[in-house]
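Have a go at each task before you read its solution.

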Amino acid sequence: MVKRLLAIEDDYLHHMIIGKIAGNAGYEASIAASVEKATALLHEGTFDCITLDLSLGDRSGVDVLHVLADLGTQVPIIIFSGTDDADCQATVGIGKRLGLNIWQPLAKPAGVVELRKVLDSISATADS
């Protein structure tokens, strides 16, 4: 069975890279470039993993975390951030307080390279 990943990323290059890495790790990637598109996709189907950019144009990844919490989402969420570490850790804290399954955040752009390892780890955890 193919696993599904939702990449919530407004930067075209990054979502193309995430999609490619996800595909190589056995995931079918869906892309949402805005909070509104992500919300629509989350209401349409289920995903096995979500990657989330913290900066989404005039909205924030925190907005998506609230949508995920409202939906009772428990799939692994990987936060990508180009912001400073304090802002990123604050967002991780918000996600955890909302009861979400937040994994260790990855820094942009270097974290994209680490994504494959994280996806393999998530798959191994899900398969066990």
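**Exercise 1: Salt bridges**

Glutamate 36 and arginine 59 join their side chains in a salt bridge, 2.5 Å from N to O (a side-chain nitrogen of Lys or Arg within 4 Å of a carboxyl oxygen of Asp or Glu). This is a predicted model, in which local features need pLDDT of at least 70, side-chain atom pairs count only at pLDDT 80 or more, and totals for chains, interfaces and linings use all residues. Residues are numbered from 1 along each chain as its sequence is written, and side-chain values use heavy atoms, leaving out hydrogens and water.

Task: Which parts does the pair of glutamate 36 and arginine 59 tie together?

Solution: 
- Step 1. Glutamate 36 lies in helix α2 (residues 35-44) and arginine 59 in strand β5 (residues 59-60), so the pair ties together parts 23 residues apart in sequence. Helices (H or I, at least four residues) and strands (E, at least two) are DSSP runs, numbered from the N terminus.
- Step 2. Arginine 59 also forms a salt bridge with aspartate 63, with the closest N and O atoms 3.1 Å apart.

**Exercise 2: A helix pair**

Task: Where do arginine 116 and aspartate 120 lie?

Solution: 
- Step 1. Their side chains meet in a salt bridge of 3.1 Å, N to O.
- Step 2. Both residues lie in helix α5 (residues 111-127), 4 residues apart, about one turn of the helix.
- Step 3. Elsewhere, salt bridges with shared partners join Glu36, Arg59 and Asp63 into one network.
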